[in-house]
Amino acid sequence: ALKWVLATGGSQFRIASAIDASGNVYAGTWHYTGQPPFPPFANVYSITDNVTSGSLRWSFEAPEDIGPFGVYSVILNSAPAVGTDGTVYVGISGTLNNNRGTTLYALNPAANGAEKWRYTVPNNPMSTNAHLAIGADGAIHMVSSDFSTMVLIAVTANGLAKWPAPVALADVCFGCETAPAIGADNVLYVG
């Protein structure tokens, strides 16, 4: 049976949610009206499950920018992931500082979702997806794809590139949607 519903104002829940060790739920929405003004926006919400109701703890709205095609903001196509220290990670695609691509955000739940750091994927001009997995060493692994290629990126828990360059996974990948998984032996799998 349905326990509760919490209205967030976003029009599309396009992704899965994550739950931390305390039972807090992290969900994201992407909102686009199709009517002027056009900027879509993406939010990550931290929600407390109060057994009979859900209450909003905090929300994070990804920044928008004026891009090459006018105002173009963000698309949230990544389920949040929660690190062992409680940091919430989310990959968001869109335009920031006139650069289209994917940005990995680290959010501090103890500071009302304040941004700890961000890492922008290099050479990924029009990303459509950004799926995450966290390794035993705390590194965040992200699969990001545009309309022709798919790459794997690893970022340390401090927001630095773990590898010298993204690893190419596919040359022809129209709208690829895949997520990495990490086994108990710390082997990374991508389908």
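How many salt bridges does the count come to? The count comes to four salt bridges in this predicted model. The largest nonpolar core has 13 residues.

**Nonpolar cores**
- Tyr89, Leu104, Trp117 and Leu132 have the most contacts inside the largest core.
- Strands S10 (99–108), S11 (114–120), S13 (140–145) and S14 (150–155) each give two or more residues to this core.
- S14 supplies the largest share, three residues.
- Tyr89 touches Leu104, Trp117 and Leu132, among others. Its contacts beyond four places in sequence also include Pro80, Gly83, Tyr105, Ile134, Ile140 and Ala157.
- Another core, of 10 residues, lies apart from the largest one. Among its residues are Val44, Trp58, Ala62 and Tyr105.

- Lys3 forms a salt bridge with Asp49, with the closest N and O atoms 3.2 Å apart. Lys3 sits in the segment before strand S1 (18–19), and Asp49 in strand S3 (residues 41–49). The two residues are 46 residues apart.
- Asp49 is partly exposed, with a relative accessible area of 33%.
- Lys116 and Asp85 meet through their side chains in a salt bridge of 3.8 Å, N to O. Lys116 lies in strand S11 and Asp85 in the loop between strands S8 (81–82) and S9 (88–96), so the pair ties together parts 31 residues apart in sequence.
- Lys116 is partly exposed at 41% relative accessible area, whereas Asp85 counts as exposed at 55%.

**The Arg118–Glu115 pair**
- The side chains of Arg118 and Glu115 form a salt bridge at 2.8 Å, N to O.
- Arg118 is partly exposed at 33% relative accessible area. Glu115 is partly exposed, at 33%.

Definitions and conventions: Residues are numbered from 1 along each chain as its sequence is written. This is a predicted model: local features need pLDDT of at least 70, side-chain atom pairs count only at pLDDT 80 or more; totals for chains, interfaces and linings use all residues. Side-chain values use heavy atoms; hydrogens and water are left out. A nonpolar core is a set of buried Ala, Val, Leu, Ile, Met, Phe, Trp, Tyr and Cys residues joined through side-chain atoms within 4.5 Å. Buried means under 20% relative accessible area, exposed over 50%, partly exposed in between (1.4 Å probe, protein chains only). Helices (H or I, at least four residues) and strands (E, at least two) are DSSP runs, numbered from the N terminus. Contact means heavy atoms within 4.5 Å.
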